[in-house]
Amino acid sequence: MEKKDYLEHKELAYLYDNLNSSTLGLFGVATVIFFVLRGEVPDINLNIWYLFIVFMVIARLLLAKKYSSVKINKKNFKKYKFYFAISLITSGTVWGVIPFVILPQSIVYQIFLVLMLGGLTSTASASLATNNKLYISFVILTMTPFMYIITTMDNPIYNPLFITLFLYILFSFASSKKMNKLVINSISLSYRNQDLIKKLEVKADEANRAAEAKSNFLSTMSHEIRTPLNAIIGFIKILKKTEKDSKRLKYLNTIDQSSYSLLNIINDILDFSKIESGKFSLEFTKFNPKKELDNIYELYSEAASENGVTLVNSISNKLPKNIKTDKLKLKQIISNLISNAIKFTHENNEVEFIVKFNRAESSLYIEIKDEGIGIEKEKISSITQEFIQADTSITRKYGGTGLGLSIVLKLLKLLGSELHIESELGKGSRFFFTIDIEVLDSNEEELTTTEDIHRFENKSILVVEDNKTNQMLIKLLLDDMDIDITMANDGLEAENYFKKEKYDMVFMDINMPNKNGLEAMKSIKEYQKDFENKTPIIALTANAVSGDREKYIEEGFDDYLAKPINNESLITILKKYLD
């Protein structure tokens, strides 16, 4: 609705909103006058006048009721505006005839009428605030007849009374004008607010659509990038197992490290986007901290050695056997810090990985200390911002997205901690934090490593995967564990296989032609709803943005395995459902 139309409709609505109360108020004043003047003026005149008041009150109340029951539009707006004006003019006329038909002879009663009519017009200024012309018309119809009669009377007191009424009318006109301006400004403000709210709603809707598009894009990018990476990383590991030539093994190690570096960059970008959108959740699991942290050390020790840097293992041997926190987030934080430290440390220098346990506070103290290039004090705060490094030349020389430390800060905040940084230019840096953990009973059975070779004889798995390269990789991984594998190219083919054979587990990709993994999973679940022993269906997907695991399990999958396939995670899943 245009502003002009909006204001006019609101002004009319204001008049009708006050119609009932103002009408009942007028009726109350009329009733007081009726009973006060009985016996002081001719009864017939007073009765006829009061009867007109009653009819007018009924008519105005019916008009108010009719208005409230209809929807005001351009067609009927003018009609109801006209009805209101007629009712007001009629009311003013009925009040204006008082001095002609029921004026008492006593000066006391005449002053009483002046006070009653003055109060009447005073309250009318509020109920008619949106239309100053109607108010002026009402005052003129109500008060000027009385003033005219006063001028015809021969009594000295009527002259000051006339002047007082005249000044009162002028004052009421001025006051009503100010009130009219205030109310109109208020309505105009409500229009602007309403317009602003609509614009904000449009912007919010656009933002939601953009966020949804961004989420879909991230999911697609995750799938499209991780799918080939899964094959690259998987086949490199297979080749490394059989390669005897040291030179070729060195090349394979370089490719392996570069692949993981690329994967880490992708993870940083995708995780950063998820954190920003508030879709990043924590998952607390039980694990052996010493073994997990030693694995991180072993992983980065080789990378450090390639750069001529020594990674020193200062992980305490007095860590609890089992703790509970978000293992993946903790490992991601530490990996980012160690990777940064190695990257910015020159040859023949050290990076120290320090971990201590505070039993009293049930917390881990973790520090990464390097002898690297260091950071200027005034630039320490800026390096934790997104996409920012201490100097643009650093990006050119050392590479990186500038997201690592920003993600570390955000992940630590999710875990209820914060990162502390101490650095001196040219001498090195210290990055350290404390994280609260839940220490589990040390008598519990210690978690065993999953890196050993495991066998799952007489177990059969249906693998649903449309990518031929990934089919080959998964088959190689599972063949090493003596698992009988059936390969399906899409969801439709998977359903047909499932109805013909019995399987101990299903690995189901999500994005496939003909019938996607989600649809196939639901069909299989429906098919085996009456089975006593249901086959677990695991989402095996490159849609590995944080939060996807929870989403797929909520959809009905029994578990989730992300690509690129981590051998430890694969064995954990296999042991969980096949042992």
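Reply: Begin with a pair of facing residues: T285 stands opposite T325, which belongs to strand 3. Keep in mind that this is a predicted model.

Me: Over how many bridges do strand 1 and strand 3 pair, and in which sense?

Reply: Strand 1 and strand 3 (residues 323-325) are joined by three bridges, in the antiparallel sense. They belong to an open sheet of three strands, ordered 1-3-8 with antiparallel pairing. Strand 1 (285-287) and strand 8 (438-439) each have a single partner strand and stand at the edges, so one side of each has no neighbour in the sheet.

Me: How do the side chains point along strand 6?

Reply: They alternate along strand 6 (residues 420-424).

Me: Which residue takes a positive phi in the hairpin of strand 6 and strand 7?

Reply: G426 does, with a phi near 85°; the hairpin has three residues between the strands.

Me: What is the general idea behind a nonpolar core?

Reply: In soluble globular proteins, nonpolar side chains tend to be buried together. Here the largest nonpolar core has 53 residues, and Y16, I33, W49, I53, W95, L128 and F146 are those with the most contacts inside it. The elements giving it two or more residues include helix 1 (3-17), helix 3 (43-69) and helix 8 (158-242). Another core, of 39 residues, lies apart from it, with L330, F353, F357 and I407 among its members.

Me: Which residues is W49 in contact with, leaving aside neighbours within four places in sequence?

Reply: W49 is in contact with A30, I33, V94, W95, V97, I98 and I102.

Me: Which residues form a nonpolar patch on the surface?

Reply: L51, F55, I58 and L62 do, and together they have about 420 Å² of accessible area. L62 is found in helix 3. Its relative accessible area is 55%, and the cut-off for exposed is over 50%, so L62 counts as exposed.

Me: Is H346 buried, partly exposed or exposed?

Reply: H346 has a relative accessible area of 40%, so it is partly exposed, as this class runs between the 20% and 50% limits. H346 lies in the loop between helix 11 (327-343) and strand 4 (350-358). Its C-alpha atom is 7.5 Å from that of G308, although the two residues are 38 residues apart along the chain.

How values were computed:
Residues numbered from 1 in each chain as written. Predicted model: local features only at pLDDT ≥ 70, side-chain atom pairs only at ≥ 80, totals over all residues. Heavy atoms only, no water. Buried < 20%, exposed > 50% of the residue type's maximum accessible area, 1.4 Å probe, protein only. Helix = DSSP H or I, 4+ residues; strand = E, 2+ residues; numbered from the N terminus. Pairing = 2+ DSSP bridges. Core = buried A, V, L, I, M, F, W, Y, C linked by side-chain atoms within 4.5 Å. Contact = heavy atoms within 4.5 Å. Patch = residues over 30% accessible without salt bridge, like charges linked within 9 Å, V, L, I, M, F, W, Y side chains within 5 Å. Areas by Shrake-Rupley, 256 points an atom, 1.4 Å probe, with all protein chains shown as cover. Salt bridge = Lys/Arg side-chain N within 4 Å of Asp/Glu carboxyl O.
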